[in-house]
Amino acid sequence: MKKEYVYRAFERFWHWTQAALIIFLGVTGFEIHGSIRFFGFDQAVRYHNFAAISFLVLIVFAIFWHFTTGEWRQYVPTWENLRAQAEYYVFGIFRNVPHPTRKTSLSKLNPLQKLVYAGLKVLVIPIMVVSGLLYMFYRYPQRYEVLSLNVGGLEIIAVLHTIGAFLLASFFIAHLYLVTTGRTVTSNLKAMVTGYEELEAGPVEKKAQPVLHEPVLSE
Amino acid sequence: MKRIFFSLLALGIVFGLITTALHKNSSEGTPLARLKEGHKTKAKPSVEHSLFPQLKKTFTRPQEVTAACISCHNGRAAEVMHSTHWNWERTEYIEGKGIRPIGKRNVLNNFCIGISGNEQSCNRCHIGYGYADATFDFNDSLNVDCLVCHDNSGTYVKQTGGAGLPDPSVDLSKVAQNVGRPARTNCGACHFFGGGGNNVKHGDLEEAEFEPSRDVDVHMASEGPDMVCVDCHTAEKHQMLGKMYSVSSMNRNRVECESCHSTMPHSDDVLNKHMLKVACQTCHIPIYAKVNPTKLHWDWSTAGKLRDGKPFEEKDSSGTDVYMSIKGSFIWGKKLKPEYIWFNGSASHYLIGDTLDPSRPVKMNELFGSYDDPDAKIYPVKIHRADQIYDTGYGYLIQPKTVSTRPGDGGYWSEFNWQRAAEEGMKQVHLPYSGHFGFVETEMYWPVNHMVSPKEQAVGCTECHTRNNGRLASLTGFYIPGRNYSSWVEYLGWGILALTLAAAVLHGTIRILISRNRKEI
């Protein structure tokens, strides 16, 4: 076992800010949706819009970070070990079998995580951002404007936004639970808080895709 | 440790920014303050009419007063005679009917129904003297009643059943020497009492508007800007701004809140965006008939019951008429939430002689508009419903003769005979009567525009943005956040959430059980 620096300062800042914003957006969003009552509708709208803009700012920084550090490659989905990883969660985990994928600072995500996070990044989040912006800046069709740019109503936009919200909410639940499935129950959580995690020592196998660039943020 | 500190600090900064930004100050901003400031100084009359020799005399006929007015105010009578206040008619384009002269002579309502044949009584509210029947001379400027609008003495009253002539008790000389800008009482004397009593017709125009509190009318309250009717209903050459859709059709000459308050009156942009589809009145007039009840339903078919051969009236516990032999039964309402419709500013009208379909309510003045109409907004309306007389043979509404001026003239209010009232009334409008009558349901739409409430009492978000029984529940076919949702997305979404949670709980439980077993071994 070797203590490794897995999650860098920005990565952790990004993760926790994103987590807080998504929870906040979820609560205010489901209040606007009519599912819950918490802040009051008008406050919920105001908060939701503000948090949404904050989230956009965060996303811009996160995208910049992912590309400059090359960390985006962590999220490229792979077939390799995908089945093994799924089988691990269904059977292996109960028999105390070790994780089929080795976690290293250069390959932090197992194949299932890669798939799910890639899905969030290229599908769910973009849907939420685009439908959210359309929702926020939606203007009802008016006379003397370019008619072909008119969207007939909020319905399609709002329903898409709702679908995304449900997907994110169920991801949130699964994510919270899967945090406990690390080497120990709290090891994943500790790693995301401190940045350090006890990982298996030894050279990285060739199969795992190493990050090509050296991380820009040197510690 | 340093890193934890750094992350926490960064998080703290972000949330600090969020919370401070969310606590926006709610100050009104300057535009409203400027408007209020502008109404602090009230217009003062520029001349003292009581000093004019032309008015310091005894007038025996009201027409003499008019002559005195015209002797200085050269040409003003001609302006008045171009107005709808005088002509009770305007030429309008009605969708589906073309360009038509419409007004009180050919548009019926579902209160006292119509003026034809009843001029002696109804036309008390005409701004002229002696419009007692169809032969009235609209070109005689001496019949213009300057005083009904310009009396500032508060003593001018038109005679009941006097076809617009002043009550004999009125001291014309005193009134003539005290003329000025129209006050609330001048407009209210007619516009608050249409339909035969206070607040019968509009629901938002009634005697409480003479001296309203701020809660009743934020504009006219003396503790507020203390505005009068003509502050909004301004006039150029005696042509008043504004009209009512009971007798007008086109989207023109309207009084707009926006002309003073601008199209972006709120500090919150989300509220300003509402204005594309929601009229100001919809949120800012949460209830109407705030002080006194207004008539909601009028059933003419029960009229005519007599006790010992005499007409009678029944009142409810609050002293409101619920039955009158001459008019039938009424339902009144007070402190009412308006109904809401899409309205683009144009209307149609039931014109005398139009055929009707008795199987559904006749719309006396259909207000046009729909969600898809880019010109339409959601407006609050009072809908007055009635059962009124129609000709079952010809299939059109009947103009009954109600007012009786001499014995045997068929006036329903003294003879209680629908056959005679129908015969005589239809003669007045030059239409045949088949001899068979029935009662048909009718609806009349009254946009609610007055008695704007203080902003604190404006309709709150969740009165419309709510799943059930919101104010806009009857307006369907479009998406309102918080009200509408896709039911399959809802089932699927909550289903997926529940499954995920169940899977996590199950998986976790098994893990715990297994690890416990392992320890025991």
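User: How many residue pairs in polar contact does the rule find across the interface of chain A and chain B?

Analyst: This is a predicted model, in which local features need pLDDT of at least 70 and side-chain atom pairs count only at pLDDT 80 or more, whereas totals for chains, interfaces and linings use all residues. Residues are numbered from 1 along each chain as written, chains are lettered from A and ligands numbered from 1 in the order written, and side-chain values use heavy atoms, without hydrogens or water. A polar contact is a pair of N or O atoms within 3.5 Å, one able to donate a hydrogen and the other to accept it within protein, with residues adjacent in sequence counting only if both atoms are side-chain atoms. With both residues at pLDDT 80 or more, the number of such pairs between chain A and chain B is 11.

User: Which residues form a salt bridge across the interface of chain A and chain B?

Analyst: A salt bridge requires a side-chain nitrogen of Lys or Arg within 4 Å of a carboxyl oxygen of Asp or Glu. By that rule there is 1 salt bridge across the interface of chain A and chain B. With 2.9 Å from N to O, the side chains that meet are those of B:Asp268 and A:Arg46.

User: Which residues in chain A lose the most area to chain B?

Analyst: The buried area, meaning the accessible area (1.4 Å probe) that two parts lose on being put together, summed over both, is about 4600 Å² between chain A and chain B, and carbon and sulfur atoms give 69% of it. Together accounting for 16% of what the side of chain A buries, the residues that lose the most are A:Phe94, A:Phe166 and A:Tyr177.

User: What is the angle about the S-S bond in the link of B:Cys125 and B:Cys190?

Analyst: Taking a disulfide as a pair of cysteine sulfur atoms within 2.5 Å, a search of the whole structure finds 1 over all chains. This disulfide joins B:Cys125 to B:Cys190, with 2.4 Å from S to S. The link is left-handed, the angle about the S-S bond being -105 degrees.

User: Where do these two cysteines lie, and is B:Cys190 buried or exposed?

Analyst: The pair links distant parts of the chain, 65 residues apart, with B:Cys125 in the loop between α6 (119–122) and α7 of chain B and B:Cys190 in helix α9 (residues 184–191) of chain B. Buried means under 20% relative accessible area, exposed over 50% and partly exposed in between (1.4 Å probe, protein chains only). B:Cys125, at 32%, is therefore partly exposed, whereas B:Cys190, at 19%, is buried.

User: Which cysteine sulfur is nearest to that of B:Cys229?

Analyst: B:Cys229 is in no disulfide, and the nearest cysteine sulfur, at 3.9 Å, is that of B:Cys187.

User: Which residue forms a salt bridge with B:Glu314?

Analyst: The search of the whole structure finds 27 salt bridges over all chains. B:Glu314 is partly exposed at 33% relative accessibility. With the closest N and O atoms 2.9 Å apart, the partner of B:Glu314 is B:Arg307.

User: Is B:Lys315 buried or exposed?

Analyst: The side chain of B:Lys315 meets that of B:Glu313 in a salt bridge of 4.0 Å, N to O. B:Glu313 is partly exposed at 46% relative accessibility, while B:Lys315, with a relative accessible area of 53%, is exposed.

User: Which residues do salt bridges that share partners join into one network with B:Arg420?

Analyst: The side chains of B:Arg420 and B:Glu423 meet in a salt bridge of 3.5 Å, N to O. B:Arg420 is partly exposed at 23% and B:Glu423 is partly exposed at 35%. Both residues lie in helix α15 (residues 418–428) of chain B, 3 residues apart, or about one turn of the helix. Through shared partners, B:Arg420 is joined into one network with B:Glu423, B:Glu424 and B:Lys427.

Notes:
Helices (H or I, at least four residues) and strands (E, at least two) are DSSP runs, numbered from the N terminus.
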